[in-house]
Amino acid sequence: MSHDTMDLTLHVWRQKSSKDSGGFVTYVEEARGISEHMSFLEMLDVVNEKLIEKNEDPIAFDHDCREGICGMCGLMINGIAHGPDQTTTCQLHMRVFKEQGITDITIEPWRAKAFPVIKDLVVDRNAFEMIIQAGGYISVSTGSAPDANSLPIPKENADKAMDGASCIGCGACVAACPNASAMLFTSAKIGHLGLLPQGQVERDDRVLRMVNKMDEVGFGGCTNIGECSAVCPKEIGLEFIARMNRDLIRASLAKGDSKKP
Amino acid sequence: MTGIASFYQRSIGKKVVMALTGAFLLFYVVVHMWGNFKIFLGQEQLDHYAEGLKTLGDPLFAEEQVLWLFRIALLAAFLLHIYTAMQLSHMASRGRPVAYKQRKDVQANFASRMMLLGGIAVLLFVIYHLMHFTIGVAHSDFVYGEVFNNVVRGFQEFMGIPAIIYIIAMIFLSMHIYHGAWSIFQTLGLNGPQYNGVLRGLATLIAVVVAIGNISIPLYALFALSPVEVTGWFQSIAGLFGF
């Protein structure tokens, strides 16, 4: 493996705590000699090692699996959620920047009222958990595992449900949306459960509760622009939002629409 | 009533209101354009059409009753569309109190980003349009009932500047419709991967027809061009851009 390196200029959002007002800090010295084979997070690891050597506070960022399946990492890189590749930040590699001749990189946390900054690039995405708690589940008595194939599901529905279930809750949809809307996330969860027989019993209540919670925690509305879907690492489509709208209208008509279902 | 109120409280409820009022306004835009095409049939036909609008619904309704009922419905839809847009835009700005230093659009097209500004442009145009051709206060030579003459003179006065304003406004309206017409189906949940292409195509068709159809009227007033000739113009302009 050749060692093609790049010298970067990083503009990173630094914020000591949620109470601090924060600001951008530029790193040049620490971002020299970055291998193009590194992932974006490995690049930040290298920068942090140099910061620690200098006895400075390392840049805080969220990460866990580093294989694109957990949804923990997520940064606004040069104005695009998860950067120039449609993938998670951990799966973004520095060679993409090398190929595009980009050496100047601005890194910001997700910006939304519902995603307050905890420190530097780490945001609190508890608002997503609250939406899930409001109805992103099915109520069944657990017991021994059911027999295989006891509940046949058409292949097409299973595939669509899987598309919705592939959402890892990274929050890129909210970050990219000009309205800071969580409709793609919420609709993926509603669609995933609503497409399966197990999700039918609570289908109307679920959509009413989850949409109420989504509005309550401070996300914006949808303007059908499609930025969310374009940055979604799991490529979840706008058809899930249309499906959620359809479910909400139907549930409102069926339930006489009380605010608290 | 509580049902409707709590439905409207939701973000999606507001979007549904945008879609339904938008659909009604779009229906009006198309009908209005179709009626105005009478101008190409000459003075007599256009004036007769305008006069006939007053007796719509005759004999069930008295003179101007249907006209005013329709105007009230139209105004209600228009105001509701604007009010809901203001509320949604307020929700959106509240949703992101700290702006990004850098933000790039990956997917959004120009029309979809211009919905708010373009909508405001259309609102200003509607006010001018009413003052120009309905009330006549923005018209130097307005004679009530002489629709054909009012239109032709109204576009020609002030060196054709009104005609230019109308043409620019129709481009804004057309862009608004391009994103809005498709959004009606998406918001009402009537969209899906199998229909998306058809609906995008339909929205494009309506937007182009509204633009060319309406723009051909001031051009006719200025240069007495036929709609066929205007369409030919658009084709050659589109050809220059490689469409």
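Chain B and chain A bury about 3,700 Å² between them, 54% of it on carbon and sulfur atoms; buried area is the accessible area (1.4 Å probe) that two parts lose on being put together, summed over both. This is a predicted model, in which local features need pLDDT of at least 70, side-chain atom pairs count only at pLDDT 80 or more, and totals for chains, interfaces and linings use all residues. Residues are numbered from 1 along each chain as its sequence is written, chains are lettered from A and ligands numbered from 1 in the order in which they are written, and side-chain values use heavy atoms, leaving out hydrogens and water.

**Interface of chains A and B**

- In chain B, R10(B), I12(B) and Y100(B) lose the most area to chain A, together 19% of what that side buries.
- Contact (heavy atoms within 4.5 Å) links 39 residues of chain B with 52 residues of chain A.
- There are 26 residue pairs in polar contact between the two chains, both residues being at pLDDT 80 or more. A polar contact is a pair of N or O atoms within 3.5 Å; within protein, one must be able to donate a hydrogen and the other to accept it, and residues adjacent in sequence count only if both atoms are side-chain atoms.
- The rule finds one salt bridge across this interface, where a salt bridge is a side-chain nitrogen of Lys or Arg within 4 Å of a carboxyl oxygen of Asp or Glu.
- E227(A) forms a salt bridge with R103(B), with the closest N and O atoms 3.7 Å apart.

- E202(A) lies in the loop between α6 (183–194) and α7 (203–216) of chain A; helices (H or I, at least four residues) and strands (E, at least two) are DSSP runs, numbered from the N terminus.
- E202(A) is buried yet has no salt bridge, and the nearest side chain of opposite charge, R206(A), is 4.1 Å away. Buried means under 20% relative accessible area, exposed over 50%, and partly exposed in between (1.4 Å probe, protein chains only). Lys and Arg count as positive and Asp and Glu as negative, while His and the chain ends are not counted.
- The side chains of E202(A) and S139(A) are joined by a polar contact of 2.6 Å.

**Backbone features**

- Most residues other than glycine have a negative phi, and most peptide bonds are trans.
- N55(A), in the loop between α1 (40–53) and β5 of chain A, has a positive phi near 65°.
- N55(A) counts as exposed because its relative accessibility is 73%.
- D58(B) and P59(B) are joined by a cis peptide bond, with omega about 10°.
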